[in-house]
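The following paragraphs lead the reader through a protein structure, from a single contact to the wider arrangement of the chain. Please keep the sequence and the structure in view while reading.

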Amino acid sequence: MMMMSASPPGGGGDGALRARAPSSPRTPSTQKKTATSPSTRPAAHPSCPSPHHLTGQQLGVIRRGDGMVGLYFNVRDVRPDGRANLDTPLSDYVRQIDYLVDRIGIDRVCFGSDFDGANISSHIGDVTGLPKLTAALEAHGYDSASLNKLTHDNWLRVLRTTWGA
């Protein structure tokens, strides 16, 4: 599990986003910070049970605080059975994105990746496979504006808000 915390310039910070691991995903202090900072967590607990995935309550805090969730691409984080099967279908990623979008809205979900050491589905492989995922999402009914939000617009919004640009 990873969360991103921001230190806005002018507010005593240097404007950098930093990865940090909270002591517990279920503590109130973590939930408060999650609501006001961009957050990257592997997946949603209700659709892929794991103690380090976001609970429904945490997703509500993120939604109310206009935070953001970046979905990891590690196969163990998108499969309902949590197995490290590299033949994980793109439909498992689509299912996770659907769940997050339904819970917190398209403006608060993005690709979080995790290409640096995670077990990525052979159907994606690496960053060059992302068009396959976006094509699967488009075939599932996501329009161009929604795909732009998932792939980059939501990240840009959060960075602009964080850095005051």
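The side chains of Arg79 and Asp81 are joined by a polar contact of 2.9 Å. A polar contact is a pair of N or O atoms within 3.5 Å; within protein, one must be able to donate a hydrogen and the other to accept it, and residues adjacent in sequence count only if both atoms are side-chain atoms. Arg79 itself is situated in the loop between helix 3 (75–78) and helix 4 (90–104). With a relative accessible area of 12%, Arg79 is buried, where buried means under 20% relative accessible area, exposed means over 50%, and partly exposed lies in between (1.4 Å probe, protein chains only). Arg95 is 16 residues from Arg79 in sequence, and the C-alpha atoms of the two are 9.5 Å apart in space.

The model is a predicted one: local features need pLDDT of at least 70, side-chain atom pairs count only at pLDDT 80 or more, and totals for chains, interfaces and linings use all residues. Residues are numbered from 1 along each chain as its sequence is written, and side-chain values use heavy atoms, with hydrogens and water left out.

The chain as a whole may now be considered. Its secondary structure consists of six helices and five strands, which follow the pattern β-β-α-β-α-β-α-α-β-α-α along the sequence. Helices (H or I, at least four residues) and strands (E, at least two) are DSSP runs, numbered from the N terminus. The protein chain has 165 residues, of which 48% count as buried. Among contacts between residues at least 6 apart in sequence, 65% join residues at least 24 apart; contact means heavy atoms within 4.5 Å. The chain exposes about 7,900 Å², and carbon and sulfur atoms supply 53% of this area. Accessible areas come from the Shrake-Rupley method with a 1.4 Å probe; for residues, only the protein chains shown count as cover.

In soluble globular proteins, nonpolar side chains tend to be buried together. Here, the largest nonpolar core has 28 residues, and those with the most contacts inside it are Tyr93, Ile97, Phe111, Leu133, Leu137, Tyr142 and Leu150. A nonpolar core is a set of buried Ala, Val, Leu, Ile, Met, Phe, Trp, Tyr and Cys residues joined through side-chain atoms within 4.5 Å. At least two residues of this core come from each of helix 2 (56–64), strand 4 (68–72), helix 3, helix 4, strand 5 (109–113), helix 5 (130–140) and helix 6 (144–163). Helix 4 gives the most to the core, with eight residues.

Which of its residues are buried? They are Leu130, Leu133, Thr134 and Leu137. Seen down the axis of helix 5, the buried residues fall within an arc of 95°, so they line one face of the helix; the arc is that of the directions from the helix axis to the C-beta atoms. The cover over these buried residues includes helix 4, strand 5 and helix 6. On the face turned away from the buried side are the exposed residues Pro131, Glu138 and Ala139. Just after helix 5, Gly141 takes a positive phi of about 120°.

Not counting residues up to four places away in sequence, Phe111 touches several residues, among them Gly70, Phe73, Leu133, Leu137 and Trp155. Rings of Phe, Tyr and Trp (its six-membered ring) pair if their centres lie within 6.5 Å; planes under 30 degrees apart count as stacked, over 60 as edge-to-face and the rest as tilted. By this rule the count comes to three aromatic pairs. The rings of Phe73 and Phe111 have centres 5.5 Å apart and planes at 75°, so this pair is edge-to-face. Because Phe73 lies in the loop between strand 4 and helix 3 and Phe111 in strand 5, the pair ties together parts that are 38 residues apart in sequence. Phe73 is buried at 1% relative accessibility, and Phe111 is buried with a relative accessible area of 9%. The rings of Phe73 and Phe115 have their centres 5.6 Å apart and their planes at 65°, so this pair is also edge-to-face. Phe115, with a relative accessible area of 29%, is partly exposed. Phe73, Tyr93, Phe111 and Phe115 form one aromatic cluster.
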